[in-house]
Amino acid sequence: MKVALIGYGYWGKKIYKYLHELAQFDLRYVYFPSLAFMDAEEIHAKYAANFIPSLDLIWEDQSVGSVIIASPISTHYTVTKVALENGKNVLVEKPLCMSSDEAGELQRLAKNTNKKLMTEYTYTFSKALLKARELVLANTIGDLRGVEISIKQLGRFLNYDIFTLLGTHALSILSLFTQLSACHFQVKKLLDTDGLVTGGIISFCSQDGSFSGFTNVTSHCPRREKKVILYGERGTIIYNPDIEETIECVIYNRAKALQANQLIENRDIFHFDEGHNLKNALISFEELIEKGGEDNLDNSVQITRIIESLSQEV
């Protein structure tokens, strides 16, 4: 599949590496704004022949049907809009854009142009989390009653609040286990830096009151932590991508006065390599374009609307 990559920063370089590894992709163009200040000889010497100084070459090449956007968040809306207008399918780094109005416009444009628009919410392509979802859907732990999602790290401190940077990830994880439209959300600021929220909690509950939970996101934690805990009526599932026991599913009874080791009826451990979820996302995008199916656009629009609303509360 012929594609172009727009953006060559921290995330763009990772995508570039995977595109070269994956045989199903033919990377025809790479663009980032600084190339406009270099001549062709300098570009070829520093990069490669497919690095180009103008987006127009991508828009004009009808043989390139898809673009992957890894440019700064503030540019997602504009670049995605132009890509769709020029008949390209789009995979865009999260979040889709910065406002619900922009998200709605992109959704309508994708529909009107009959093009696929997919947001790269990395965790939703995690084989481990998809296994956890499978276990929940199979009623392995009984009805889901509570969810905890923790994404903590040190930095990066950018010109966006923590809900835009990490809260979007947390909501995308939550969407694997429930319909976001069926939840009520509240937000609490924990920390701020130069007027931007850099640590906070998003709490949520289902409209029918059947389950609740929270996400804790911060860029102030020197010890990186990514964890999801799913509490069911019969057991608990723990996702931790940083250890070998990536998924732990424990079934237990609730008899009074028993010690923890006496309560456990069954424990299953699942091992996954969580280091290549971005690669999984690229493969899913290629399959979406070549084989058809549903993109995650509705979910992306919903996440954008929730984050916009929460950001206005703090």
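**A close look at Ser99**

Reply: Ser99 touches Thr304 and Glu308, not counting residues up to four places away in sequence. Keep in mind that this is a predicted model.

Ser99 sits in the loop between β5 (89-93) and α5 (100-113). Now check its cover. Buried means under 20% relative accessible area. Ser99 has a relative accessible area of 16%, so it counts as buried. Next, look at its side chain. A polar atom there lies 3.1 Å from the backbone nitrogen of Glu102.

The peptide bond that joins Lys94 and Pro95 is cis, with omega about -10°. Arg156 belongs to the loop between β7 (144-154) and α7 (162-174).

Now follow α5 out at its other end. Asn114 lies in the loop between α5 and β6 (117-120). Its phi is near 60°, a positive value in a residue other than glycine. How covered is Asn114, buried or exposed? The cut-off for exposed is over 50%. Asn114 has a relative accessible area of 67%, so it is exposed.

Asp194 gives you another case of positive phi. Its phi is about 55°, although Asp194 is not a glycine. You will find Asp194 in the loop between β8 (183-193) and β9 (196-206). Asp194 counts as exposed too, because its relative accessibility is 79%.

Next, move to the start of the chain. Strand β1 covers residues 2-6, and four of its five residues are buried. Which strands pair with β1? One is β2 (residues 26-31), which runs parallel to β1 and is joined to it by five bridges. Ile6 is bridged to Tyr31 in β2. Between these two strands, the chain passes through helix α1 (residues 10-21). That β-α-β crossover is right-handed. The other is strand β4 (residues 66-69). β4 and β1 also pair in the parallel sense, over four bridges. Here Ala4 has Val67 as its bridge partner. As you trace the side chains, remember one rule. In a regular strand they alternate between the two faces of the sheet.

Finally, step back to the whole protein. Its secondary structure comes to 10 helices and 14 strands. The radius of gyration is 21 Å, close to the 20 Å that the globule rule gives for 314 residues, so the protein is as compact as a globular protein of that length. Its C-alpha atoms fill a box of roughly 75 × 40 × 40 Å along the principal axes.

How much of the protein is buried? Of its 314 residues, 51% count as buried. Ser99 is a buried residue, while Asn114 and Asp194 are exposed. The accessible surface comes to about 15,200 Å², and carbon and sulfur atoms account for 47% of that. Contacts also span the sequence. Among those between residues at least 6 apart, 66% join residues at least 24 apart.

Terms used: Residues numbered from 1 in each chain as written. Predicted model: local features only at pLDDT ≥ 70, side-chain atom pairs only at ≥ 80, totals over all residues. Heavy atoms only, no water. Buried < 20%, exposed > 50% of the residue type's maximum accessible area, 1.4 Å probe, protein only. Polar contact = N/O pair within 3.5 Å; in protein donor to acceptor, adjacent residues only side chain to side chain. Contact = heavy atoms within 4.5 Å. Pairing = 2+ DSSP bridges. Right-handed = clockwise from strand over helix to strand, strands pointing away. Rg over C-alpha atoms; globule rule 2.2 N^0.38 Å. Areas by Shrake-Rupley, 256 points an atom, 1.4 Å probe, with all protein chains shown as cover.
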